[in-house]
Amino acid sequence: MENGKRNKRQNSAKQSSPNMKIFTLLPKKLKIYVPVGIVGLIVAVAMWYSMVTGSEIAEKYAPLIDAVMEIKFEATTAHLWFEEIIGGDKNEDIDKVWSHLDKSEWYAKAMLEGGKSEEGTYIALQDAAFRQKIQKVLEKLSEFRAIANERLQYREQSSIGSDIDQRFDKIFLSFIKHADEVETGLQIVMKKEINKFRTIQISLIIFSFIITISIGFLFYRYELKQSMNLLLLNSSNQQLSASEQQLKASNQQLRASEQQLKASNQQLSASEQQLKASNQQLSASEQQLKASNQQLSASEQ
């Protein structure tokens, strides 16, 4: 009975061991895959942030720098054509001069309020220092337009080298100076943003490299531990198999001993039967001897 119970326990342990293995291995896998998933999400978010930052730099500063260049180009074109008209060139139309000045003012206002043209979309500047500089550019454009009108009215007194001509050139140079300051400032800010963007990208590359090595090492340790566990499991199975063989041999020896004991019990029972029969014969002999003794005693009397 005890051997039967023992075998049932071993069989139940063997059947439940695969389920226990799956249960114990599942949390270990989750402990690896969950951090890997989190790290992958962090890297994806960081890459997305980097991409968005790069796009914002391109969309924000590049059009603004182009707008400053357009401001200077349109104003310079108006200045050259105005000088041609003042110089006596009747083929040039003064309306073109005002048109170029209008375009120059439009780009300046687009930098302050935002706007859209065929060249692109302009996002309004939020920095107070830059907005003040753009306001100064607009003021100089207004002064330039006013002195151009004054010079046009007094064309005879506004020849090259005259006082009004010198004031005209001085205002234009001041306008160009302020526009250059805006352009240079935007280029500096854009360069800083690009350097920051590059730093983020380099940091992301280094972070991704470190994470890749860490994950590789983590998986290596996991696989190594799994291999060691597998070896231990195989060794345990071999030991269990050897124990089972020993137990089987012990059970066989026990059965043989039981058979021998049974045979001995049978022999003992037979001996007891023979002894009982002998005792009965001896008792009968004693009864006969007693009877014989009584008859002999009676005959002597």
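I took helices as DSSP runs of H or I with at least four residues (strands would be E runs of at least two), numbered from the N terminus. This is a predicted model, so I kept to its cut-offs: local features need pLDDT of at least 70, side-chain atom pairs count only at pLDDT 80 or more, and totals for chains, interfaces and linings use all residues. Residues are numbered from 1 along each chain as its sequence is written, and side-chain values use heavy atoms, with hydrogens and water left out.

**Entry 1: around α2**

I looked just past the end of α2 and found G114 with a positive phi of about 85 degrees. Then I went to the other end, where D93 sits in the loop between α1 and α2. What does D93 do at the N-terminal end of α2? D93 caps that end, with a side-chain oxygen 3.2 Å from the backbone nitrogen of D95.

I checked exposure next, calling a residue buried under 20% relative accessible area, exposed over 50% and partly exposed in between, with a 1.4 Å probe and protein chains only. D93 is partly exposed at 36%. I also noted W81, which is 12 residues from D93 in sequence and 8.4 Å away, C-alpha to C-alpha.

For the 20 residues of α2 that gives 28 Å, and the end C-alpha atoms are 28 Å apart, which agrees. The buried residues of α2 include I94, W98, L101, E105 and L112.

**Entry 2: salt bridges**

I counted a salt bridge when a side-chain nitrogen of Lys or Arg is within 4 Å of a carboxyl oxygen of Asp or Glu. Side chains of opposite charge can pair when their charged atoms come close. The structure holds 9 salt bridges.

I started with K72 and E183, whose closest N and O atoms are 2.5 Å apart. K72 is in helix α1 (residues 2-86) and E183 in helix α4 (residues 163-300), so this pair ties together parts 111 residues apart in sequence. K72 is buried at 17%, and E183 is buried too, at 12%.

R145 lies in helix α3 and E105 in helix α2 (residues 94-113), so the pair ties together parts 40 residues apart in sequence. Salt bridges that share partners also join K72, D180 and E183 into one network. Back at E105, I noted that this residue is buried at 17%.

**Entry 3: H178**

Last stop was H178, in helix α4. H178 is buried, at 17% relative accessibility. Which residues does H178 touch, leaving aside neighbours within four places in sequence? H178 is in contact (heavy atoms within 4.5 Å) with K136, V137 and K140.

Technical notes:
Expected span 1.5 Å × (residues − 1). Polar contact = N/O pair within 3.5 Å; in protein donor to acceptor, adjacent residues only side chain to side chain.
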